[in-house]
Amino acid sequence: MAKAKPKARKNRAKTPANYTLKFIKGFWILFATGIFLIAMLFLLASWGVFGEMPKFEELENPQNDLATQIISSDGVQIGTFFKENRTPISYEDLPEHLVNALIATEDARFYEHSGIDARGTLRAFVFLGTKGGASTISQQLAKQLFTGGSKNKIERYLQKIQEWVIAIRLERQYTKKEIITMYLNKYDFLNQAIGISSASRIYFRKNPKDLNKEEAAVLVGMLKNSSLFNPLRRPDMVKDRRDVVLSQMEKYEYLTEKERDSLKQLPLKLDYSPEGHNDGTATYFREYVRSWMSDWVKNNPKQKNEEGESEYFDIYRDGLKINVTIDSRMQKYAEEAVEEHLSNLQKEFDKQEKKNKTTPFRDITKTEIEKILDRSIRSSARRKIMLSQGKSEKEIRKSFDVKTEMSIFSWKGEIDTIMTPKDSILYYKKFLRSGLMSVEPQTGHIKAWVGGINYKHFQYDHVYQGARQVGSTFKPFVYATAIDQLKLSPCDTLPKSQITIPAGSHGVIDNGWTPKNSDGDYTGYMNLKEALAKSVNTISARLMDRIGPEPIVRLAKKMGVESDILEVASIALGSVDLKLSEMVGAYSTFANQGIYTKPVTITSIEDKNGTILYQFVPETKDVISKEAAYVTINLMEGVTQSGSGVRLRTGPSSRYDIKNVVTGHPYQFTNPIAGKTGTTQNQSDGWFMGIVPNLCTGVWVGGDDRATHFQTTTFGQGATMALPVWGLFMKKCYTDKTLDISKDAFARPENLTIEVDCRAFRQNSSQDENIDEFSL
């Protein structure tokens, strides 16, 4: 009988070979499962399960808020309007050492991988990130563009997967150069420096292409964490981080060991230049441009949406490029001139105010002072804010007597202090203010615009907003009208004797109008050139009486003056209030041979792609003859040859030297200059209008209120308050050989029929006959 086969034992002996087979099988199962799960994670991420993923169109054109740039006539960015202060640049604008520093520090194998650095990722997993992270430049860009921050570790891990997917897509969509450019254009370097272009300007006052190696290392070092490595708050840490970048550059052979060591020895050197709306250059001009652009975008919609509604440009997001007429060099010199003279003049004003019991006001009552304070409180930002908060007028008024912490302006820098808001009003009222505007007469291009002494603390623009009494600077309009109508010569003479315009004539009321000369001299005769140079009121009144105020007003209006001018006799002495911008535009007509060219600020506007959206078209019109314009210029040349503007050539007298009030002297200009000073009643306003053939510049100086003024004309005249600003400005312009500011004579019209050479005039005419004719 055959034996039955023994049953197989359920627990067969476990051999080493069986263990090995099981381990290998399990390993591959786990490996395959892991690969499958990783693949599924990537697939789910790409489908948007872990969060919305960018579409193909978004990858093609990532959306960034782009700052609108304001570009000067000499190609310098002088300001921006922004939600994010980002000005994109191309790869070609990046210096090679900046790119090398970025690669060496952030992603040494950038040119080898396709978005994810496998070696770096494995190292990060093995050492749990203690020996460096694994994020490539592409991943960092993906995070900036599309994923943002996360609240917890799980979300961060999921976002990391998203970044990997997006990084791979970016690598497929863009070249390596484009990814580097996008990354540097996107990064926030803090302090309103978004993108490498803004960061270069703000921290070093340079374009990126001009950065040296150590400066580039500073900015690349900030990429690790700009909040931590903030140059303004932690300069020592930033320097250490810079040195790490330099070491990385040496490690990957972008620098020699000797270069690295020498660069590490250099101190951290910033040239911080903030670009907030209150900071930087041409602040008052930029505010005017902002207002102009706000109106322009309303009238120039960019397109219609699907509903047929207009869509408008956003000057804070759309990356427009505004090309303006301002010359950055001349703007700098203008701001320096205002600061140098006004800070110096203020010292003398403060010194004299120590004995003034009603400082900072003069010649007014306590009731009038209270009215000034009341107006200031009513128009204050504090009151407007409190009203919006629902505060009562009683609560608001009470708050102005409560001491509070504040930062106030001084010529030595901001001061942190404690004072009541009412006291701060009085404090600011004591400061002398100024406006300067410079125009190229032939084109109308405004080359410099200084609306005040400090935009952050004094936002009222004394170029465009403020209309002030112009005084004797209005007299050239009187003389020009008389020359144009009567063909008078600068050599024609008139008596200095007093003249009374009777009531009922030329808008005069009451007992008539009898102007007085500042020196009290009414004897003899004087030719027109000397009369304008000495600003003789009686002769100006005689000319006005001969031609009447109406044609004078018409001429001023033709020259671009828009403010109201009463047709009254007193305009002969400049009783009218005008804006500095109006005065400079009108005076430019004389230098432009009688042709008025409307002053312009913006030449063109481009969108972010360079498409022209707006092109300026000059507005010109003939106002007076070339002959009359030239003769008026000739008259005004006398002001700087022998009149109130003569210190432009000789410098002030010793009494001014001792007082050290007039800055920049001796000016010692030798070239032809036409000009006119102006001083108003009680020395409230000081003016100087100065012209050379291709530049007309006007300066005004005075207090915020007319009650803030010098006690005497020694300091309160236009020749002391305003002329030095013009002199300083022009000295700086002439010193800069890159500028083409004319020193030539004014263009003389062909076939000039009016004699301007008084020696020749006296030989060809009888002085007595001339007196009889024009003394009527």
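Guide: One definition to begin: patches consist of residues with over 30% relative accessible area and no salt bridge, where like charges are joined within 9 Å and nonpolar side chains (Val, Leu, Ile, Met, Phe, Trp, Tyr) within 5 Å. A salt bridge is a side-chain nitrogen of Lys or Arg within 4 Å of a carboxyl oxygen of Asp or Glu. Accessible areas come from the Shrake-Rupley method with a 1.4 Å probe, and for residues only the protein chains shown count as cover. This is a predicted model, in which local features need pLDDT of at least 70 and side-chain atom pairs pLDDT 80 or more, while totals for chains, interfaces and linings use all residues. Residues are numbered from 1 along each chain as its sequence is written, and side-chain values use heavy atoms, without hydrogens and water.

Visitor: Which residues make the nonpolar surface patch?
Guide: Phe23, Ile24 and Phe27 make this patch of about 330 Å².

Visitor: Where does Ile24 lie?
Guide: Ile24 belongs to helix H1, residues 16-47. Helices (H or I, at least four residues) and strands (E, at least two) are DSSP runs, numbered from the N terminus.

Visitor: New topic: how many disulfides are there?
Guide: The count is one disulfide, a disulfide being a pair of cysteine sulfur atoms within 2.5 Å. Cys491 and Cys758 form it, with sulfur atoms 2.3 Å apart.

Visitor: Which parts does the pair tie together?
Guide: Cys491 lies in the loop between helix H18 (475-486) and strand E11 (493-495), and Cys758 in helix H29 (residues 758-764), so the pair ties together parts 267 residues apart in sequence.
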